[in-house]
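Here is a friendly walk through one protein chain, written to be read with the structure open beside it. Take a look at the model, then follow the headings below.

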Amino acid sequence: MDESIRASATSRLLYTNVALSAQERCIITDLLEMKAQHLQKLEEKARILNNELVQARSDLLEHRALLSGARKLPMEIISEIFLQCLPEVDTLSFMRPEPHPDQAPLLLTQVCRSWRSIAIATPRLWSTLIINASNGSSSHCEITKLWLDRSRNVPLTFTLLVRSTDRFHGGRRATSYEEFVPLAATKVLTMFIPHLPRMRALALLFALPVIRAVPALRPVGDNVCGQLERLHLITSFENTAQEIIWTRSLVHSAPNLRHLYFDSSMVPLPIVRGQEWCLCLRTINLDAAYGIPPEDFFLLLRNSPELVRCVIVMNLDESLNHLTRWEEMPKVVHSALEELSLSCEDIFLGNVLDLLTLPALVSLKLSTVGDEAWPHTELMHFLSRSLCTLKELKLDSEMMTDDQLLIYLGTVNRSLRALYLPTWKSTSERIFRFITPPKLMGTVFNSPDPSSLPLDRVLPFLETLSFGITPHLHPASLRDFIECRCLIDKCTTTRLRAVHIHLLLPLIPGLSTDLDLSLKALLDQLADDKSITLKITSNHLQFPSVVS
């Protein structure tokens with residue numbers, strides 16, 4: 001019987017509940033077996049056709065690839081494309097993520113033989129390496145060797161990071177800091193030392209005495225690091241004489257050094273006493289825990305004619321002030337320095353300012369500690385003598401008065417773009433009145449010409465502001481300030497783009513002050529405005545931020 005089940009003699013029984021007879025059961029059983037065999041043959045044909053379809057598509061793609069324009073690209077072009085595939089580098093620390101098989105350049109070596117050959121033959125792909133040797137993995141040495149071999153002779157960018165580890169090793173407590181240092185960290189540093197002559201950027205970020213743990217480490221020879229342009233050193237432990245000598249020799253061996261960041265808890269290190277190494281210096285950040293002597297600061301300025309940015313912590317030991325012969329120190333006129341950030345005892349600051357003239361200065365940040373009088377006269381003479389156009393100002397001192405601050409703001413009123421007031425104390429009503437534009441004729445005009453505003457107040461071109469307040473400040477003052485400087489429809493000056501308000505509030509659970517409610521209302525007004533960054537923090541509260 002070769003008819004279908006539906007057309008069979010028993011088709012009338014398909015949609016009924018009638019019980020089948022013995023003859024009908026035999027017929028149905030034969031039909032099911034026949035149709036099952038037929039279905040199996042169709043499935044086999046479908047499988048064969050599907051395989052042929054997959055193969056045909058694969059063949060089509062493979063042959064179409066023969067006509068791809070990428071096959072005509074020279075190896076040099078492909079190499080440049082590969083370089084664009086590398087992870088982004090942090091511009092501040094010149095670091096990128098650690099090597100990973102799912103990221104370039106290792107990923108590029110796993111696609112095909114051609115790409116692998118091109119990737120290995122492109123030394124610049126392997127010229128930047130960051131190693132976090134905190135866990136002491138033995139693979140770090142293998143990765144380091146691979147990068148050193150494949151980078152050949154191109155300039156290197158290398159970062160070695162070692163964080164603190166458990167002080168217990170093998171069930172016993174370590175007896176010296178050297179025992180904390182992972183063996184892999186010392187091996188990696190030892191592998192890189194012979195390659196110092198081709199180092200372009202180097203970052204050694206140590207929370208453990210790695211340098212001390214390297215056996216028989218010799219000082220770096222003169223001019224060995226001839227290609228080194230950027231050096232970043234961080235150590236958070238007391239240094240031995242060996243470590244100080246090696247660090248000093250490393251700095252002095254780099255005659256073309258342009259950027260130096262040095263942060264250490266070591267004793268004062270006179271690394272600026274060299275002369276040749278700082279001739280090309282453009283950026284320096286010396287943040288050693290004990291600071292540097294004033295003599296070294298001025299020596300640095302005299303020997304660094306190209307210096308543009310300088311962040312210095314000066315020696316904080318007030319007892320050494322009498323040892324500094326200020327009257328014998330020559331005055332310094334530096335025509336290139338644009339940014340100066342100086343932290344020191346307030347007893348030092350006046351003498352430092354008296355010896356400085358910085359006509360190109362656009363950013364000044366001064367921070368002092370102590371109970372000596374703020375050197376107001378010296379600062380005014382410095383600004384008058386330098387004739388600089390300040391765009392950024394930060395003055396952080398307990399001894400500076402509102403009267404003095406208002407005089408400074410009046411001096412730089414037309415040029416200032418960023419103002420950072422101390423966030424640890426409340427900004428007074430007088431300061432707010434100075435920086436809050438007037439409502440002319442009872443009406444706030446929409447974006448008038450800032451040049452038409454009073455010359456002696458307002459800071460009409462200010463774009464960034466940071467300050468602290470307490471509940472003693474009347475909420476209306478803050479509201480008027482925000483409205484006149486932040487809201488588009490009420491702003492009467494150049495509009496603020498970034499505001500940081502720090503609330504110095506006592507912790508009183510469940511109590512909302514008028515200041516709280518006023519700030520929250522302002523946040524609601526600015527919630528949909530993506531062109532301004534408003535950050536509000538507190539000792540006890542964290543308000544949401546509107547981030548541009």
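## A loop residue to start with

Ser127 sits in the loop between H3 and S1. This is a predicted model, so every value below is computed from its atoms. Is Ser127 buried or exposed? With a relative accessible area of 7%, Ser127 is buried, because buried means under 20% relative accessible area. Leaving aside residues up to four places away in sequence, Ser127 touches Ser151, Val154, Pro155, Leu156 and Thr157.

Leu125 belongs to the loop between helix H3 (113–120) and strand S1 (128–132) as well. Its relative accessible area is 1%, so Leu125 is buried. Which residues does Leu125 touch, not counting residues up to four places away in sequence? They are Phe82, Leu83, Leu86, Pro105, Leu108, Ala119 and Trp147. In sequence, Leu125 and Arg150 are 25 residues apart, and their C-alpha atoms are 8.4 Å apart in space.

## The chain as a whole

The chain contains 14 helices and 18 strands. It has 548 residues, of which 44% count as buried. Looking at contacts between residues at least 6 apart in sequence, 74% join residues at least 24 apart.

## Aromatic pairs

A pair of aromatic rings is described by the distance of the centres and the angle of the planes. How many aromatic pairs does the structure hold? There are five. One of them joins Phe297 and Phe298: the ring centres are 5.2 Å apart and the planes stand at 65°, so the pair is edge-to-face. The step rests on a cut-off, because planes over 60 degrees apart count as edge-to-face. Phe297 has 0% relative accessibility and counts as buried. Phe298, also at 0% relative accessibility, counts as buried too.

Phe432 and Phe467 form another pair, with ring centres 5.2 Å apart and planes at 90°, so this pair is edge-to-face. It links distant parts of the chain: Phe432 is in helix H12 (residues 429–435) and Phe467 is in strand S16 (residues 464–469), 35 residues apart. Are these two residues, Phe432 and Phe467, buried or exposed? Both are buried.

Phe432 can also be placed relative to Asp480. The C-alpha atoms of these two residues are separated by 9.4 Å, while along the chain Asp480 and Phe432 are 48 residues apart. Asp480 is found in helix H13 (residues 475–486). At 27% relative accessibility, Asp480 counts as partly exposed.

## Helices H4 and H5

Two packed helices are described by the angle between their axes and the distance between the axes. For helix H4 (residues 139–151) and helix H5 (residues 183–192), the axes come within 9 Å and cross at roughly 15°. H4 and H5 are therefore roughly parallel to each other, because angles under 35 degrees count as roughly parallel. Their crossing is right-handed. On the H4 side the contact is made by His140, Cys141, Thr144, Lys145 and Leu148, and on the H5 side by Ala184, Lys187, Val188, Met191 and Phe192.

## H10 and its two partners

Helix H9 (residues 346–354) and helix H10 (residues 376–386) have axes that come within 9 Å and cross at roughly 25°. H9 and H10 are therefore roughly parallel to each other. H9 passes H10 in a left-handed crossing. Gly350, Leu353 and Asp354 of H9 make the contact with Glu378, Leu379, Phe382 and Arg385 of H10.

H10 also packs with helix H11 (residues 402–411), at an angle of about 5° and with the axes 11 Å apart. That makes H10 roughly parallel to H11. Which residues make this contact between H10 and H11? From H10 they are His376, Leu379 and Met380, and from H11 they are Gln404, Ile407, Tyr408 and Thr411.

Methods
Residues are numbered from 1 along each chain as its sequence is written. This is a predicted model: local features need pLDDT of at least 70, side-chain atom pairs count only at pLDDT 80 or more; totals for chains, interfaces and linings use all residues. Side-chain values use heavy atoms; hydrogens and water are left out. Rings of Phe, Tyr and Trp (its six-membered ring) pair if their centres lie within 6.5 Å; planes under 30 degrees apart count as stacked, over 60 as edge-to-face and the rest as tilted. Buried means under 20% relative accessible area, exposed over 50%, partly exposed in between (1.4 Å probe, protein chains only). Helices (H or I, at least four residues) and strands (E, at least two) are DSSP runs, numbered from the N terminus. Axes are lines fitted to C-alpha atoms, for helices over the stretch in contact, and angles run from 0 to 180 degrees between N-to-C directions. Angles under 35 degrees count as roughly parallel, over 145 as roughly antiparallel, 65 to 115 as roughly perpendicular and the rest as oblique. A crossing is left-handed if the near helix is turned anticlockwise from the far one by less than a right angle, and right-handed if clockwise. Contact means heavy atoms within 4.5 Å.
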